[in-house]
Amino acid sequence: PSSSPRHDDLKEMLDSNKDSLKLEAMKRIVAMIARGKNASDLFPAVVKNVACKNIEVKKLVYVYLVRYAEEQQDLALLSISTFQRGLKDPNQLIRASALRVLSSIRVTIIVPIMMLAIKEAASDMSPYVRKTAAHAIPKLYSLDPEQKDCLIEVIEKLLADKTTLVAGSVVMAFEEVCPERIDLIHKNYRKLCNLLIDVEEWGQVVIINMLTRYARTQFLNPNMNEDKEEKEKKKTEATAIVKRKPYVMDPDHRLLLRNTKPLLQSRNAAVVMAVAQLYFHLAPKAEVGVIAKALVRLMRSHSEVQYVVLQNVATMSIKRRGMFEPYLKSFYIRSTDPTQIKVLKLEVLTNLANETNISTILREFQDDHFNDKDFVAATIQAIGRCATNIGEVRDTCLNGLVQLLSNRDELVVAESVVVIKKLLQMQPEQHSDIIKHMAKLTDNIQVPMARASILWLIGEYCEHVPKIAPDVLRKMAKTFTNEEDIVKLQIINLAAKLYLTNSKQTKLLTQYVLNLAKYDQNYDIRDRARFIRQLIVPTDKSGALSKYAKKLFLALKPAPVLESPFKDRDHFQLGSLSHLLNAKAGGYQVLPDWPEAAPDPSVRNVEVKESVPEWTKCSSREKRKEKKADKPFYSDSEGESGPTESADSDTASGSESGSGSEESGSGSESEESNEESESASEEDEEEEGKKKKKNVEKIKARKPVPESESDSQPNTIASVQVFDTICKPAWLYMQFLLNPPLPVSVPQTIIPSGNLKTYELLHRITGEGLSVEYCFSRQPFSPDPHMVAVKIQFTNSATSEAKSLHVEDAKLQSGMRIKEFPEIEVLPAGETISVVMGIDFCDSTQAANFQLCTHTRKFFVSIQPPVGELMMPIFMTENEFKKEQGQLMGMNEITEKLTLEEKCQGEHAVVQRVTTAANLSRVPCGSDKECRFAGKTVTSGSLVLVSVVTKEDGAAQLTVNCEKMVIGTMLVKDIHQALTQ
Amino acid sequence: MIHSLFLVNSSGDIFLEKHWKSVVSRSVCDYFFEAQERASEPENVPPVIPTPHHYLISVLRHRIYFVAVIQSEVPPLFVIEFLHRVVDTFQDYFGVCTEAAIKDNVVVVYELLEEMLDNGFPLATESNILKELIKPPTILRTVVNTITGSTNVGEQLPTGQLSVVPWRRTGVKYTNNEAYFDVVEEIDAIIDKSGSTITAEIQGVIDACVKLTGMPDLTLSFMNPRLLDDVSFHPCVRFKRWEAERILSFIPPDGNFRLLSYHVSCQNLVAIPVYVKHNITFREGSSQGRFELTLGPKQTMGKGLEAVLISSQLPRGVLNTNLNPSQGTYNFDPVTKLLSWDVGKINPQKLPSLKGSMSLQAGASKPDENPTINIQFKIQQSALSGLKVNRLDMYGEKYKPFKGIKYMTKAGKFQTKGLLRGRAWDLKN
């Protein structure tokens, strides 16, 4: 405030009508705020500009407003109407930013306005605005906790949102406002699991942590049988014969584990840690191991990341030591590590120590990091812990520590003494020579703690060193007045013990020491001296206790347990702040114990049917756009329906094993194709980078395409052209074309090969043992995109081998062409082989006739395609579909009414039957009453559009639009049959 | 989550503060300063410090502490990772992340921080989205802005946040379409005095600079993908595809980004490219010590060692050194006792050496510390693990991009330890 003249000049600039002056003023004000200077007296002048047209001025005003609104509540209210107007803006980004600023203004009086705005935004058609609404919830909650119930309603609504954009933010709001309402998660559990991989990284962390807690309340402990076994071993055998139920993992539990695992590969350390703690807390013992590698990877990150990871590894390594043993070397200590990292690495190494690796670890300890004082202490303590935990090396450790007693550095010596003291307590008889050695040290060592430790040792085991002990007391009595307090206390202690065991030699010394202590400055020491004198020196007044003095002083004391400070720290959720501090932080949610019996799993069941989004105001075009954007990008969309089905069938193990085999199947397939591509591309080396003339088309043709992907291959060119005219939304679909994230993610276009109908080409009898079958593989025929690929399978059931199988003398209709398969040289008896040939049927269902020859015989065969195989799928948007359909009216359109067969009612069945009958792909559609499909004929590329509109009671209308009327007519017949049979 | 952020320089001054919720007084940093005073080295300040009402979580980068103030439970890594992301963003925007750069661009810094967190929860951390919102300052733009009064804030509303590929801006256009990939490997090793490897591991990254028009879809395949033991990806990489086919398939962000970091484990034998022989002797009772150090290439696959730099912390008793390098320059700081020798390039025909004497403190006992020797070096055009990119293909766009791949190896934490191992603790006895 003192610098008001300067502020006047800022005010002037803000009042001017030049944007550049305003901007300059705002920049200076923001710089003041950044430096922590008070700029609150400018509030009225700044807030006037809240509606300024210049976007940067406006933004800086927002910054200012949010910073000072709390202090200037009345004036802040002046700006509210601007934001209220912004909330109604047609542009979603302006709506979002208005809500963001409005909800950041911490002025209690506007709570109702904020509540209303949040409610409205929560049902906004834009997912971005809904995300902003989710962000606003915790803001309002911290401003006015009374609003909790209303806010929970909003959270519930937003939790049901299906977009990845919203998921992370709403779970964040859930965690801040109502983390105890675990019931709100049930219906959204599977969806959250399935969306997870597409959610932005920060949201992933929050969701994973929340789901960990959820899983602990809903599923059974996967390790319960093992844990029980351990317990039972301890119990008597009689009680062990309790019949226990075999453990079966809930498929939802499995879903969570499966969907989080890929995130161990995230670049974000927080995500990796979140998955790691999820596995640690939720996975069966045998599966937890996967996280070790990822955690070890994080250790190569910034030292702060290392610090947190090591804290967690330290806790984990106590419970699951085996997990980190293979990575022992990664915990070796570097002289360049910061001290806190060194100490933590030491902790981990100590936890990992066992009989086999102890020697390596001890060597690691021995290395000279002795310029770092904190670390020295930690190292020596670690050696002590190894010695107590592993009997085999106790003597080695002790010897090593004794050697350290002659170290030049007093600190090393002192720390060693302290640790040796603890070790000796375990077996003092055998080590009187060490005690003697230590007694000698009292002459040199000055560190009080070490001196005290030595004195205690000598006193405690004075019977083992009867000659030396009184001498030590003599020396100590001499220096008593100069000692530190803890040493003085131990001298008194030593004197008392010696008096009790060897009063003849030490009586006078003890009295001398007690007299010195009587006049000490420290009242602790005076008290102690008085107390001990009463206890050990029998007088007439002394009470009953002095009889027991010996028992009191020389009782057998339990050996100290050297324990890791990280033991049992896992009752805190790993990765949390509370775990790191080993103290409950505010807002920490306790990780519950597994339930004894699993709660009802059916609460997570949801209806498969997609509800139509509720925003009805918006135009249809916008609606479509949003829908597309909502589509998960990389995650497998199969998930949504998958687990729901499996949950319906109560047997969990069945569905699990099913999915497992599916995975392994795809794995082996792709490995094959991988090898292929490696060998094929050997010619063009990596140096090729410079050869920019490389022909992209050529590469495409040469590159063998993995089977799963190839369905979309022929469409590449088409979609690239499309791409230029339509932009982003279409591009999304192209994504699917070029790189289906997973074979299953485009279920509309891919018919599992098991469903392909096979036809007989040559019967075993006519073929004299050679039987030939064929099917339309629906793969693109790469040598010629205008041909239909036909997969031919030869089986030799004869006793002798068939040689040189090939095609000859094709008799074809005009225009038809055949691309024969390469000759098969030998087909041994009992073997089967498949080849692919291409046939251009000229968009007709005429048969292709040719001869199939072996080295001895020739067979006349013919292949006749069903009309549905003469086409291939193309991708288009709903808009394009409508546009194209509009152009194929009149004679090109054939409509037929039909009644759907009983089993065929429902969208899924219709889609399946149509795509089985014809090689078409599905076109997205806003209505769930209608299914649309598109394709084009293989030879001429004429469009084929099919739509099936379902009505009540199984009535339906089938429409086919195709330029080629013959094809259209035949297709209607085929699809009609498929839907009604 | 994150309440406030304070930037503290090495002399302990708060030079920037930002609050996302109610203002937290900067006196909360006193707890941090206490810890800072207690720490012997700047990096020894604990990253998490509890105070009566708050928790301070800090990272140290470029000699600036970024101190975040937290009020309730939050995963510490969440905050740490975010703070590092902030530093990366600053570096990306200003080229360097120094106190001066931050002070010069304080308005941009504030605008960035405003966008990166909303109510303490990360909102936009992707560099591509941020650049759409706030344009990075360039000299030209600064000049133009001062003259015309135009702004750094993007005029268009950002669409990136709405996209399913938030890491890529829309409407990217280049006249020259280029994609460069740098495979950079760092070898971390601890070698004992006899030259045998105690641990060695390679960590690599593939940094990309992609300037391609439109929405290209790239695939990158390796000759030997099985080498990669453990990988982490930029979110753009399709994980399923990698799992199934070991091919990197992705729509790249625009500009510079880290595509992949990987690890080649110590289980595989790692070729050590350099050896160091050193002999440091002190005679009892004498105030002189001898120092001898030679180094040479070991397994470098025919590529030369460059930018070699040796550094070592000599024992406390050493007063000064009088050494003679066969090449390069050496430097000994008598205060910190740090010896550093800038060797430069190693010529295999004439191995570099550093020989001479050290003077010791008079009367001091013989230093028994065997110093650790740290080595830095570079090897161009070679990735030590042998990783090779097989090919890079582009789909989704019609033009032909210019593609380039570069390899480099660097020393990470590469040190030779002084002690011969396993003497004092020999367990066989």
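Two strands are taken to pair if DSSP finds at least two bridges between them. In this predicted model, strand 18 of chain B and strand 19 of chain B (residues 338-344) are joined by five bridges and run antiparallel. Within strand 19 of chain B, B:S340 is the residue that B:N331 faces.

This pair belongs to an open sheet of nine strands in chain B, ordered 11-13-9-8-23-21-16-19-18, with mixed pairing. Strand 11 (230-233) and strand 18 (329-333) of chain B each have a single partner strand, so at these two edges one side of each strand is left without a neighbour in the sheet. On average, and with direction ignored, neighbouring strands of the sheet are turned by 15° against each other.

Strand 4 of chain A (residues 802-811) runs antiparallel to strand 6 of chain A, and three bridges join them. Along this pairing, A:K803 stands opposite A:V826 of strand 6.

A word on confidence is welcome here. Chain A has a mean pLDDT of 78, with 80% of its residues at 70 or more. For residues 236-242 of chain A, pLDDT stays under 50, and the model has one contact beyond four places in sequence for this stretch. Residues 635-754 of chain A also have pLDDT below 50, yet the model gives this stretch 170 contacts beyond near neighbours in sequence.

Technical notes: Residues numbered from 1 in each chain as written. Chains lettered and ligands numbered in written order. Predicted model: local features only at pLDDT ≥ 70, side-chain atom pairs only at ≥ 80, totals over all residues. Heavy atoms only, no water. Helix = DSSP H or I, 4+ residues; strand = E, 2+ residues; numbered from the N terminus. pLDDT = per-residue confidence, 0-100. Contact = heavy atoms within 4.5 Å. Axes fitted to C-alpha atoms, helices over the stretch in contact; angles between N-to-C directions.
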